[in-house]
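My notes are below, in the order I looked things up.

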Amino acid sequence: MGVKKRISGCVATANAVKLADVEVICSYPIRPYTGIMSELARMVADGELDAEFVYGEGEHGQLSVVYGASAAGARAFTGSSGVGVTYAMEVYSPISGERLPLQMAIADRTLDPPGDFGSEQTDALCCRDQGWIQGWASTPQEALDLTLLYYRIGEDPRVLLPQYACQDGYFVSHILGEVDIPDAAQVKEFLPPYKNHHVLDPRNPQIIGAQMEPSMGPGMQYQRYQAIEGSRKVIEEVHEEFGRIFGRKYAPWVEEYMTDDAEVVIFMQGGHAETCKTVVKRLRNLGEKVGLVRLRTFRPFPTQQVRDALGRFKAVGVVDNSVNFGISGAAGVLLTEARTALYGLGDKVPTVGFVAGLGGEMITHDEFYKMFAKLKEVAKAGKADKQSYWLPFEL
Amino acid sequence: MTNLFEEPGLKQITVWARGVYENKEARDVVVAVTEAAALEGKFVQAWENYVDLPDRIYVPVRAYGKISDQEIESKYVYENETPDIVALTEETLVKGVDILAGIKPGAVLVINTKRPAEYLFKFIKKGTENLASIVTVDANSLAKSIITLSGAEGATDASGIGKGMGAALAAAIVKATGIVQFESLLKIVENKNAAKKAFEKAQVVDVKTLVNAG
Amino acid sequence: MSVPVKEVPFAGTVPSPKTENEGMITGNWRTRRPVLDADKCTNCLICWISCPDSSVNQNADVVSFNLKYCKGCGICNEVCPVGAISLAPELDFED
Amino acid sequence: MLEEIKSIKKAPVEEYYVPGHRTCAGCGPALQYRLVAKAAGPNTIFLGPTGCMYVANTSYGCGPWAVPWIHAQITNGGAVASGIEAAYKAMIRKHKTDAEFPNIIVMAGDGGSADIGIQALSAAFYRGHNILFVAYDNESYANTGIQTSPTTPYGAWTTFSPAGPVIPEGKKLMPKDLPKIMAHGHPELKYLATASLSYPLDLMNKVRKGLNANGPAFLYIHAPCPKGWSFPADKTVEIGKLAVETGMFQLYELDGGEYKLTYKPRELKPVSEYIKYQGRFSHLQPEHIEKLQQFANQRLKEVGIEAVAAPAE
């Protein structure tokens, strides 16, 4: 069995990368993900991990290095935060289009201006439609597990897609939590060596990424669409097997907390859900029928599972920890996706958007309390008088 | 389905050329003929095949024109699928290129060549059943091709429309098809002399006579 | 017209060709055809090494041309030190 | 170890850049590609950052390489090559492949090397990856229809630097000197050379030296472009020779820290001899040609050739 340690999300992720026995790592410093790379550099220097540790010249270079490494047949890892994530934007689509299942950790961070270094999911959500598997860990333990889960899902021959394993910067990446680090033998059983059928090998020459004319464009995109839609089944299977091997069971799509007889719930993803849990628990002690539904896998978005989960409540508040200026509903992408999932249920499930925790500010207990209070009003009235609220200014 | 979206009265012109050396001339032919038609109050459209660009030296490339009495609705159908007129800025294109793909019955083929239609006809392997006539004109002897990179990729051609060999080829098209008045074409092209001579010298040969002879 | 999904190469990947790329046959680009005067050819191979389209073939005595791909650029004619290569209009040939 | 090729007749017969590509008739970059591939041999992986040698070679979902090839963005040839190299090093060390370490060759245009690609290029050389980076210089962004790049010569017409009444010379800036940028400041650099497709034997042997160097090697190849420079397609080799004979391009190598001229023109011709065949310079006035001559003289001086050329007529 593994060992238990109190470590940060950064160190937890690095431990998973070590256990995944990667061949190529490419670094570039930017807060708050930097700790992952420092930890990996230490592991390489100390001989704990045998991998090439390449100093990227920037995030664009980082993604390019792991693109090449993955195409050559290596398991590869990189990561970033904030403007680093967006600087590399050019390279995300070629990686998924050429079906190279490398992994990138994102310890999320707000985008400039004005150089705020705090957590916000905007950076990672900017790349949400690039054909990558994507989801958020809410604890260091989950950060470790997500890395292993995602390599296994992404490298499955039925999927072959890269993965963004996201964690909220600072909150998850820096605050220590108790983590069960599995032993190498278990990981070996769970995660077989990376194999791809199109690799750069002079013994079997192939041309990867030849230019297509527009008439081949629809087919190329349809392949990626099929891959990400087809990954749903694999995601469920892999989570099942993860539970069997490691004894930690995760719901693949949404985690429900105290929802059994709940009337109103908050729907959100990431580390702030831990704060929300406390609020739910305290309100439950007061007899309030409140609950939390935490989204675990964001891409592919589990439309049906979210509909099934949220469709039974009297009001749903969706917390967006990102900026999406001008978006329908005037909140964030989670609200629009949740509403899409609930579409057709009429007024039965009124939804309200809450934009909170921007720029790395925590979402306080008090703020969640206010959200639940608003949701109770909405449930009672059967409708919301406003689409969304920006906290702390509008609620 | 096809009939539902048919546009009666729409004429399609496809010009084949050799990349770089004749790209401008191909563009000029469709621009000159369609601009002339516009002077006559027609609805028109001219463009280059996007997939053929960027053009490479000698690669077969296409430029297209559409002319109609009514507003053109298929303006983003980006290839001429059923041309009425096909023109070649260079004679060797008859060999090994499917120049007549999709032509409508009664279509006309116009070729810049010194050679007789009979000789060129032998090289055309596909699509001749719908071809009505072959028009030959030695446009190269009337004007040179202008090689320029300006005007490609949707930019403005600084060298002027119909300044080179394309003026002569356009004139041969007009002579054989009457798609516009020759006077209208003359108002557009810069090399009016080449156009006039081509209009005079172009030879129209009925394909039936070639089939019978062959 | 869109190509059916099954005919689109997976991940934009295709096998490498071995000796010729059949997906891009360029012989129909040619307006002039290289013609060799075998009596003059010294088999120095300067034309062979200078062909951007790898379309000059080495043989035992004299070179020959791969007309399936030759684009007719005429570099072989230009670089031949003994004038053994000339260019003839492609339409003079029926093949 | 790849052996020196002693003569054209002894060059390998095998082609790894095979017929069947949508490059221009008379394409200089295609010719140098073929020579590089021939010299490198079968145990090679090519990378193609976006540019003519990507688009024209892989049009319609196919390509002309008998060896593995992968697309890179125009920005990142050096970085993708680094990743492939690091992967092979690690996989061989960890016994995850039984393949032999391959030649890893980037084939980047001047945009993908001297301009938007320079960051990735410089980083790869700083890190010391065992790769050969070929910058084939056709002196423009040719794939997009000829736009100026940092290596476009002063006075050249491109669609982004057209000559007009207000800007009579077209391009006003002097070109970047990429090989010198690479030569000074990359301590891991093992080999650097310039080459021209008009000197095929020299070019192929420089490829082999670069691949034998066991570390980052940089080869800067002058590759005349009949479309972009507006000269007849059959004159590609001749234009390449004239560039060297007029001093507009210099052939040298940097091996073990010392510059060595690998070809010295017996008699330098004036630059006007070079530009008169090229449409891109046809608008130049004598004062512009004189500026080009001074540019060539300066570059020659830097590599140890005293210019003796007559001034432009």
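I am working from a predicted model, so for local features I only take residues with pLDDT of at least 70.

**Entry: cavities**

How many cavities of 30 Å³ or more does the whole structure hold? My search turned up 8. I then went to the largest cavity and got a volume of about 210 Å³. Its lining has 20 residues, and those nearest the centre are D:E139, D:M248, D:F249, D:F295 and D:R299.

Next I asked which elements of chain D each supply at least two residues of that lining. I found α6 (178–183), β6 (217–222) and α11 (286–302). I also sorted the lining of the largest cavity by class: 10 residues are nonpolar, 6 are charged and 4 are polar.

**Entry: the largest pocket**

I moved on to open voids. The largest pocket comes out at about 780 Å³. I count 32 residues in the lining of the largest pocket, with A:A210, A:Q211, A:M212, A:E213 and D:Y54 lying nearest its centre. Chains A and D both turn up again when I list the elements that give two or more residues: α5 (89–97) and α10 (217–246) from chain A, and α2 (52–58) from chain D.

Which element gives the largest share of this lining? I get α10(A), with 4 residues. By class, the lining of the largest pocket splits into 13 nonpolar, 13 polar and 6 charged residues.

**Entry: helix pairs**

For each pair I noted the angle and the distance, because two packed helices are described by the angle between their axes and the distance between the axes.

*α1 and α4 in chain B.* I took α1 (residues 23–39) against α4 (residues 165–177) and found an angle of about 45°, with the axes 8 Å apart. I sorted the contact of α1(B) with α4(B) into 7 nonpolar residues, 1 polar and 1 charged.

*α3 and α5 in chain A.* Here α3 (residues 59–71) and α5(A) have axes that come within 8 Å and cross at roughly 15°. Oblique or roughly parallel? I file α3(A) as roughly parallel to α5(A) on that angle. The crossing of α3(A) past α5(A) is left-handed. On the α3(A) side I list A:H60, A:L63, A:S64 and A:Y67, and on the α5(A) side A:E90, A:V91, A:Y92, A:P94 and A:I95. The contact of α3(A) with α5(A) has 6 nonpolar, 2 polar and 1 charged residues.

*α1 and α2 in chain A.* I checked α1 (residues 9–19) with α2 (residues 34–45), and the two pack at about 45° with their axes 8 Å apart. That makes α1(A) oblique to α2(A). I get a right-handed crossing for α1(A) over α2(A). The α1(A) side of the contact is A:C10, A:V11, A:T13, A:A14, A:N15, A:V17 and A:K18, while α2(A) brings A:G35, A:I36, A:E39, A:L40 and A:M43. By class I have 7 nonpolar, 3 polar and 2 charged residues in the contact of α1(A) with α2(A).

I looked at peptide bonds next. Is the bond from A:R299 to A:P300 cis or trans? I read cis, with omega near 0°. I placed A:P300 in the loop between β13 (297–299) and α12 (303–310) of chain A.

The bond from B:L53 to B:P54 is also cis, and I get omega near -5° for it. I find B:P54 in the loop between β2 (43–48) and β3 (60–68) of chain B.

Last, I checked phi. I noted that A:M258 has a positive value of about 50° although it is not a glycine. I traced A:M258 to the loop between β10 (254–257) and β11 (264–268) of chain A.

Conventions. Residues numbered from 1 in each chain as written. Chains lettered and ligands numbered in written order. Predicted model: local features only at pLDDT ≥ 70, side-chain atom pairs only at ≥ 80, totals over all residues. Heavy atoms only, no water. 1 Å grid on protein atoms, 1.4 Å probe; cavity = no way out; pocket = protein on both sides within 12 Å on 5 of 7 lines; lining within 4 Å. Points joined across faces, edges and corners; volume = space filled by probe spheres on them. Nonpolar A, V, L, I, M, F, W, Y, C, P; charged D, E, K, R; others polar. Axes fitted to C-alpha atoms, helices over the stretch in contact; angles between N-to-C directions. Parallel < 35°, antiparallel > 145°, perpendicular 65-115°, else oblique. Left-handed = near helix turned anticlockwise from the far one by under 90°. Contact = heavy atoms within 4.5 Å.
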